[in-house]
Amino acid sequence: METSILLLYPTSVKVILSELLLVFTVFLSVLKLLQVFGKSRKSKEWDKFDGQNEDPYKAYKSLPGPRPFPIRLIGNILMLVSKTGALDKFLELAKKYGPCYRLVFFGEDYVVLNTPSAAQAIMLSTDPGHFRRGALQERLWPESMEGLLIYTGEKWKARRKILTRPFLYKALQLHNPCFYKQCGRMIKELDEHFSDGNIHVVDDLLKQCIFKMSSEILMGVDLSETEDGEIFCESLETFMSKSFDRIFRPWLFIKWIWHISSHYRETQQAMRRMEKVTQKVFAKYLEKMKQESAMISTVDSENNLVEEVPNDLSYTMTEVMLRHGLTEKQILDEIVTMLLVANDTTAVAMEYALFMIACHPEHQEICRQEVDAVFDDPSKNKNGVLDFEALKDLKYLERCIQESQRMHPLGSTMRTLDTPLRINEELVIPPNVSVFVLAHVLHHNPDYFPNPQKFDPDRFLPEQVRERHPYAYIPFTAGPRVCLGMAHIKHTRIGTA
Ligand code: HEM
């Protein structure tokens with residue numbers, strides 16, 4: 001997800017450097033103190049191994065990497081502010097330093113993993129000591145908000161089990177008509193926009209449509225008739241850009257500076273606006289529930305939902321959470337979280353797919369024929385709603401979307417280790433270090449994707465996929481913390497079609 005952030009919120013080098021200079025002059029001494037403190041704490045950790053014959057972290061200590069700025073809080077962050085952009089910089093670093101290298105960000109040690117097998121080591125790990133989201137993500141996350149995204153250990157396991165239900169195959173089948181309704185509206189709005197024959201930016205429009213789609217599918221409430229979608233999307237944009245600006249302004253990680261900054265005020269206001277919209281969604285849900293008497297399922301001794309007669313509200317997040325006795329605050333936090341992670345990612349992924357297909361008319365033509373064939377088949381298309389199973393027939397379109405996600409992935413994995421992580425025979429990464437896997441780097445590795453800058457949907461033909469390392473392509477990551485909404489994304493095929 002950091003990738004999407006880097007893509008969505010590019011920052012002016014000039015503005016950052018001038019702010020940086022100002023803050024440096026005022027706070028240099030404070031930072032120096034922090035550095036000294038950080039170093040003395042670190043050296044105590046390393047002391048444990050000094051003098052031992054077998055140093056389990058020997059290979060880790062000799063990993064290569066760019067020299068960090070002497071103040072640990074700044075570390076290597078300045079190198080990301082480059083003309084070519086942070087993603088290309090990471091590609092450059094991978095070429096220079098190879099499969100694993102070290103970085104320092106915001107006073108924390110990082111190891112960047114650039115090969116599928118190294119990525120597999122962290123993604124597939126079932127050690128609860130490897131489940132913690134990166135320290136960076138934890139710091140960026142609003143202090144007042146809890147939930148699946150930020151939980152670790154048993155708390156995460158229990159919440160993940162509850163929240164898996166709205167993403168089951170059965171849930172997707174049940175809410176299939178809703179996707180068509182919302183996609184139909186989106187196409188109508190796009191038609192209206194482009195009726196003047198001019199070029200338009202569709203960013204906001206797509207985000208609002210995705211918000212309405214997600215809120216109806218996840219919460220069972222259609223917000224299309226209100227202005228709430230627009231308010232939520234605007235607030236989300238502010239929240240994301242102001243929060244993630246901190247990556248390039250590390251002094252905003254110092255708590256008291258953050259709390260007096262305009263960035264903090266603006267993110268708080270945006271949060272409150274989003275919560276208000278979500279509260280409305282929740283209130284509407286409760287109202288609808290009374291009318292439809294939807295509380296038809298109960299929880300058995302193993303905490304599974306049973307005895308249900310599915311209707312529009314079944315398998316929604318709200319139903320599931322209410323049934324498991326979550327408090328209103330917990331439910332609101334999860335809903336805001338879900339909309340936060342679902343909205344930008346899905347809209348941007350869809351934009352990229354449409355853009356890449358439009359840039360390659362030869363592929364667009366094949367997709368067009370495939371879509372027409374499926375939609376024109378009366379056995380698959382009933383009253384404008386494509387049979388859920390018929391989605392599988394859009395194979396070429398699916399490959400184009402996969403290739404677009406390969407070239408422009410929005411995902412990355414960051415974990416801060418509570419226990420050591422073994423990468424291979426030699427390399428063990430110690431606790432308190434964060435590991436970082438950037439899908440963009442893996443997806444541009446010519447060993448797995450020859451001529452990586454070429455848009456070639458055939459890379460996803462079954463025979464080619466079979467021959468490739470399963471962790472060479474990880475748009476949604478993999479393993480226990482794999483993207484929960486992954487199955488929902490399949491429906492972007494409908495939108496793209
Ligand atoms: C194209 C769109 C999307 C992309 C590329 C994407 C990507 C990702 C990635 C890479 C992660 C894992 C991050 C990590 O390993 O730390 C993730 C986690 C997650 N995603 Fe998505 N996502 C997308 C859409 C969605 C949607 C639509 C939803 C929900 C409706 C969703 C819900 C989640 C949740 C809840 C997690 C956290 C899972 C956990 O920690 O257990 N995502 N996503």
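Helices (H or I, at least four residues) and strands (E, at least two) are DSSP runs, numbered from the N terminus. The structure is a predicted model, in which local features need pLDDT of at least 70 and side-chain atom pairs count only at pLDDT 80 or more, while totals for chains, interfaces and linings use all residues. Residues are numbered from 1 along each chain as its sequence is written, and side-chain values use heavy atoms, with hydrogens and water left out.

The loop between helix 19 and helix 20 contains T477. The phi angle of T477 is near 55°, a positive value in a residue other than glycine. Most residues other than glycine have a negative phi. T477 has a relative accessibility of 16% and therefore counts as buried; buried means under 20% relative accessible area, exposed over 50%, and partly exposed in between (1.4 Å probe, protein chains only). A positive phi also occurs at F106, where the value is near 50°. F106 is placed in the loop between strand 1 (100-105) and strand 2 (108-113). With 3% relative accessibility, F106 is buried.

The loop between helix 19 (462-467) and helix 20 (486-489) also holds C483. The SG atom of C483 is the only protein donor of the iron atom of the ligand, at 2.3 Å. Donors are N, O and S atoms within 2.8 Å of the metal (3.2 Å for Na, K and Ca); water is not among the atoms, so sites may look incomplete.

Salt bridges were counted next. A salt bridge is a side-chain nitrogen of Lys or Arg within 4 Å of a carboxyl oxygen of Asp or Glu. The count by this rule is 21 salt bridges. One of them joins K89 to E92, with the closest N and O atoms 3.4 Å apart. K89 and E92 are three residues apart in helix 4 (residues 86-97), so about one helical turn separates them. K89 is buried, its relative accessible area being 18%, whereas E92 is partly exposed, at 42%.

Another salt bridge links R165 and E319, whose closest N and O atoms are 3.8 Å apart. R165 lies in the loop between helix 7 (153-163) and helix 8 (169-174) and E319 lies in helix 14 (residues 317-323), so this pair ties together parts that are 154 residues apart in sequence. Both R165 and E319 are buried.

A further salt bridge is formed by R368 and D372, with a distance of 3.3 Å between the closest N and O atoms. R368 and D372 are four residues apart in helix 16 (residues 361-375), which means that about one helical turn separates them. R368 has a relative accessible area of 39% and is partly exposed; D372, at 33% relative accessibility, is also partly exposed.

D204, E227, E230 and E234 form a negative surface patch. Patches are made of residues with over 30% relative accessible area and no salt bridge; like charges are joined within 9 Å, and nonpolar side chains (Val, Leu, Ile, Met, Phe, Trp, Tyr) within 5 Å. Accessible areas come from the Shrake-Rupley method with a 1.4 Å probe, and for residues only the protein chains shown count as cover. Lys and Arg count as positive and Asp and Glu as negative, while His and the chain ends are not counted. The place of a charge is taken as NZ of Lys, CZ of Arg, CG of Asp or CD of Glu. E234 is exposed, with 51% relative accessibility.

D203 and E351 are 148 residues apart in sequence, and their C-alpha atoms are 7.6 Å apart in space. D203 is part of helix 10 (residues 203-219) and is buried, at 19% relative accessibility. S195 and T337 are 142 residues apart in sequence, and the distance from C-alpha to C-alpha is 35 Å. S195 is located in the loop between helix 9 (176-194) and helix 10. The relative accessible area of S195 is 61%, so S195 counts as exposed.
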